[in-house]
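Hi,

Here is the structure I promised to pass along. Have a look at it first, and then read my notes below.

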Amino acid sequence: VQEALRTIQHTVDEMTQQVRELLDAARLQLGRPLDLHREAVDLVPLVRELVESWDTTSSDHAVQFESAVVTLPCSVDPHRLRRVFANLLSNAVKYSPEGSTVTVRVWCDRAMETAPVAVIDFHDEGLGIPAAELPRIFEPFFRAANADRAAGGAGIGLAGARRIVEQHAGTIAVRSIEGQGSTFSVRLPMPRGG
């Protein structure tokens, strides 16, 4: 019964996420920014909890969490960022073969002379993205040709994720080799001294 309830909860969460993405996509298409409700958030437990919930619901994939830091304090809208992270994790699982490993890594980039940057990497061993299509991957309603064959989707998740990350003064990028997998990296500014 508990397993069935977890599956139902996971399905409800996915549907809720899709509805919110559609509402955000409509708002962004109208040129309106999203209303962010920022709070002081530690990204390490936020991401860890998301990964742990996925690991219990995805029996076909090994979903791993790695953290090079104990804490990553940021001022963010936790609900919207959780949605971004859930979208990236969902894509990593969806476009990876059964039995493969999806790794989510949290770390801090202190290489720049400015404030440190929180980095969350989503790495999969999946389809990868054709090189010619990489420049368009964050466009609204764009889907890579091999993604259309592998799984359904509307092509709005990555475009919405990019806008949400950019509204947090961050960036999102992808490195990918077709047939070998992808790594999506979200970079968010941290407070000085963080």
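The protein chain exposes about 10400 Å², and carbon and sulfur atoms supply 54% of that area. Keep in mind that this is a predicted model. Of the 194 residues in the protein chain, 46% are buried. As for contacts with a separation of 6 or more, 70% of them come from residues 24 or more positions apart.

On to secondary structure: there are 5 helices and 7 strands in the protein chain. If you walk along the sequence, you get α-β-α-β-β-α-β-β-α-α-β-β.

Now the sheet. It is an open one of 5 strands with mixed pairing, in the order β2-β4-β5-β7-β6. The edges belong to β2 (62-67) and β6 (171-177); each has a single partner strand, so one side of each has no neighbour in the sheet. On average, neighbouring strands here are turned by 15° against each other, ignoring direction.

At the β6 end, the partner is β7 (residues 181-189), and the two pair in the antiparallel sense over 7 bridges.

Cheers

Conventions. Residues are numbered from 1 along each chain as its sequence is written. This is a predicted model: local features need pLDDT of at least 70, side-chain atom pairs count only at pLDDT 80 or more; totals for chains, interfaces and linings use all residues. Side-chain values use heavy atoms; hydrogens and water are left out. Helices (H or I, at least four residues) and strands (E, at least two) are DSSP runs, numbered from the N terminus. Buried means under 20% relative accessible area, exposed over 50%, partly exposed in between (1.4 Å probe, protein chains only). Contact means heavy atoms within 4.5 Å. Accessible areas come from the Shrake-Rupley method with a 1.4 Å probe; for residues, only the protein chains shown count as cover. Two strands pair if DSSP finds at least two bridges between them. Axes are lines fitted to C-alpha atoms, for helices over the stretch in contact, and angles run from 0 to 180 degrees between N-to-C directions.
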